[in-house]
There are 2 protein chains.
Amino acid sequence: MKSTMQDYQLTIASLMHHGTGVHPDSEVVTATAEGSRSISYAELGKRTAQLAGALRSLGVEGDDRVATFQWNNAEHLEAYLAIPSMGAVLHTLNIRLFPEQLIYVANHAQDKVVIVDDSLVGLLAAQLPHLETVTHVLVAGPDAAAADLDSLRSSGKEILLYEDVLADQSETFDWPEVDEDDAAAMCYTSGTTGNPKGVVYSHRSAYLHSMAACTGNVAGLTFTDRVLPIVPMFHANAWGLAYAAIMSGASLCMPDRWLQAEPLVRFINESRPTISGAVPTIWNDVLTHLDDHPEVRLDSLRRILCGGSAVPVSLMQALRERHDLDMVQAWGMTETSPVASVATVPLGVEGEEAWRYKGTAGRLLCGVEGRIVADDGSVLPRDGEAVGELEVKGPWVTAGYYASDDPEVEEKFDHGWLRTGDVGTLDHLGYITLTDRAKDVIKSGGEWISSVDLENSLMGHDAVLEAAVVGIPDEKWQERPLATIVVKQGATVTADELREYLATDFAKWQLPDAFAFIDEVPRTSVGKFDKKVLRQRFRQGDLRVEPLS
Amino acid sequence: MKSTMQDYQLTIASLMHHGTGVHPDSEVVTATAEGSRSISYAELGKRTAQLAGALRSLGVEGDDRVATFQWNNAEHLEAYLAIPSMGAVLHTLNIRLFPEQLIYVANHAQDKVVIVDDSLVGLLAAQLPHLETVTHVLVAGPDAAAADLDSLRSSGKEILLYEDVLADQSETFDWPEVDEDDAAAMCYTSGTTGNPKGVVYSHRSAYLHSMAACTGNVAGLTFTDRVLPIVPMFHANAWGLAYAAIMSGASLCMPDRWLQAEPLVRFINESRPTISGAVPTIWNDVLTHLDDHPEVRLDSLRRILCGGSAVPVSLMQALRERHDLDMVQAWGMTETSPVASVATVPLGVEGEEAWRYKGTAGRLLCGVEGRIVADDGSVLPRDGEAVGELEVKGPWVTAGYYASDDPEVEEKFDHGWLRTGDVGTLDHLGYITLTDRAKDVIKSGGEWISSVDLENSLMGHDAVLEAAVVGIPDEKWQERPLATIVVKQGATVTADELREYLATDFAKWQLPDAFAFIDEVPRTSVGKFDKKVLRQRFRQGDLRVEPLS
């Protein structure tokens, strides 16, 4: 029996037409040095058409890739909408990639045009000559004309001002019919070995992920919301917040490059977002700023999303108790679009038990199926106790990587499930608790020690700003935990004190045998703790390990 | 360029697995004569598997149709989940259909099995012998064994007790792979001419509609919600609330046959829903009940959805002002799954202007495109003023009817758009204002008079319970409005008083020339005003028209 339903394609264009057509009065506010600038969604719609016209005039056809090298701002949003809607593929370049990685991914994706922020011209210039397939660069932003365009021109590419090419174009565009399974956007993820690997999102996956983000169990976005994506649009699509805002008609507050606590807090108070999302580091900085400025209140925010790395419960508690802010942890990865689970609390649960749920990586969303798999490939019970690798599947989860010849790729999938590389448990309510990255697991005397649990606990200590725990080789136990600690400015603490502090929550054999005090935790290009570097530093004897008494 | 995303099918089974697997502690509460009965979602999952097993054992294969003849209760929900998930097609029979319509739709759909509530056995018995393709009837509900099964057995069909056949089955079922475009469910809509026509929903359309219902702009359902669908599950899928609740993990409160104000209010206070949906008639009754019982408060409800016919602003205002209840109007039809628009208020709008928005048929949801088309087929501006027929399209909008030979079907579609048969305007913010059904439009001297506007205004009068306005032939003006009025118990009002009351809001030429006081407004099988009957009564001289002075 055939359904009688319409064959309607779930595309970025349909999302864009809805957002700009039904919510013309919503706005995109972008932070500037002096304050902010803004355009309405009606204008956004027109400028999106102009951008599509401009790209077409530069020869962008079919599924050509157009790259962005931009902060979160109105122009980046225009690229998010125009490029997929015209049938091309949006490639968000991570501005924090190491030069050789940037060159690799741009060449691998065969980017044809790059849109770059005026403020990032300097960062792109050195690598631009090596981006072999790029023919044109559009320089965007209010100060584009004043940017050092010559540094780009020396690459031999054609360098154009974004506003100039838009001004020549019509405010309408003949948007092509696009199939929902066509590629819409791509994002590379940098593994620990081999080259970065590209995840290619379809129109359908982006649309469905946006719908999910608008549901009550994630952010419940409505057109009365104002969304502040602090997490970069070049990092896992700003967690889908940009498309979700357009879909719901919520206004967008874009921080551009003003990500330090002081300008960020000022921007929050000026643009009054109701929802925001960023990694723990950002919120840690905001917390410190708020603690130092008791007169400042962030009273527009009804929900703060946090993820990208494990969110310390102490951070959530401090924001709640001292600043009346509700932080909710979410989990996902580039391969999952990214949102897969959100740690809201079950009905009727309060107090310590509620904090326990808030400390998990979240509850599986409808659309994302999860399971825990043992080393031997067997599926483990969903009892909140059995520890194994988390595997997921769903309509916004990747099944592979773009044109990758990395032999490791095959190992990333298990009969249609994505192996996340995260290790933990899944309980009967669908809550994921992550204890480690598979590669960071500490195996001591046949037992696993969770570096994440130790880190979370350590970061709850008053004197600790950040903590990263790694396994170091041990003759007797195979591996033992080493805790690396960044102490808060002005605070002091000893290894013995920290060990004693941990002893109330952990068994003796789980406690770190060694502590090292460091200036900052090394991070990957997407801001995660880079434990590979820490282990390497330890091997090279570069970490000064404090003796325990 | 190919996307790397997984090919994951959006099916009722995946929705069911999520709801029952990740939200096992949520519950379905069903009203009973004495109070309520409930099962957890974990039990629901097991019983769904048992029902699928039972139906398979009775010979249900492939896309066989399984019909339900049930109120909103746990067993109906089990049918909603089991039948599509096993690959069969759920056919919800409207228990209020006229006998010949019921027989027509069951035979047209070729229903193989009917699940009937114990309380509805009597209603089905007389028609059962004429349901040619039906082989088995399952009698569900706590009093099934005590029902008059002999009245069913005389049909020659095999009559079984629902609980007996479930008890024989395993609590797990080998769910088949289903394509998201396969038929999941069907619902007939009774037009004004010709036979009822069947809309066939796909798994995909039901899934996407459920996601939309969970978004903030509709109901923003979360797993801490409790959903009370008063609108019947046999009427446009209870507005999608059942599937949406399962998807979000929200608990369900099912009123069964207790739809009168007194037991309904009692059930609301016992089961404490946060969201509910019903037609205006129901809420009118609830309002009267609440007015009469000032000690009763419905403080669990955070949002009441209302639709099915135009919602009088006076009803919304009375609920808000006298009972602190927030009612939101939604619009849709069987052909649109049904929710297409919801009348939430734009940011920053307050007072009279907010009530004006709440009085519209709502703002288009993302996924539903709308346009207003003139009689000559031209698309009219979205200016809130140009009046024409509303046309819609989207992934949960039908493109046709099941095996219909009705020559009128072709006229229902316009180059891929569904012609809704509703006449009105669309403004630049995507708000639909409906002035009439196309067939109910009153054309007077070349101008259109909105029967809906007159009705809404009349129903705001203290003495008026209901008002239905129809066009009657007029030699000079072609048509003129006749207002039929149901006066509230104990109240009195004259035609002159009503005309004077209307004169403050309407131009003189728009005022009804005639008023008729009637005992009740005739209704269709889905509870809408049946203006065809009113016009017929007028023609036959059956309406006593009050003279105006």
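1. In this predicted model, 74 residues of chain B are in contact with 74 residues of chain A, contact meaning heavy atoms within 4.5 Å. Since 100% of the interface residues of chain B are also interface residues in chain A, the copies meet through the same surface.

2. Local features need pLDDT of at least 70 and side-chain atom pairs pLDDT 80 or more, whereas totals for chains, interfaces and linings use all residues. Residues are numbered from 1 along each chain as written, chains are lettered from A and ligands numbered from 1 in written order, and side-chain values use heavy atoms, without hydrogens and water.

3. About 5500 Å² is buried between chain B and chain A, 60% of it on carbon and sulfur atoms; this is the accessible area (1.4 Å probe) lost on putting the two parts together, summed over both. M1(B), M5(B) and Q6(B) supply 17% of the area that chain B buries against chain A, more than any other three residues.

4. Between chain B and chain A there are 2 salt bridges, each a side-chain nitrogen of Lys or Arg within 4 Å of a carboxyl oxygen of Asp or Glu. One of the salt bridges joins the side chains of R204(B) and E180(A), at 2.7 Å from N to O.

5. Chain B superposes on chain A by a rotation of 180 degrees with 0.0 Å of shift along the axis (RMSD 0.1 Å), fitted by least squares on C-alpha atoms of residues with pLDDT of at least 70 in both. The two copies are therefore related as by a two-fold rotation axis, and in chain B the C-alpha nearest this axis is that of T215(B), 1.9 Å away.
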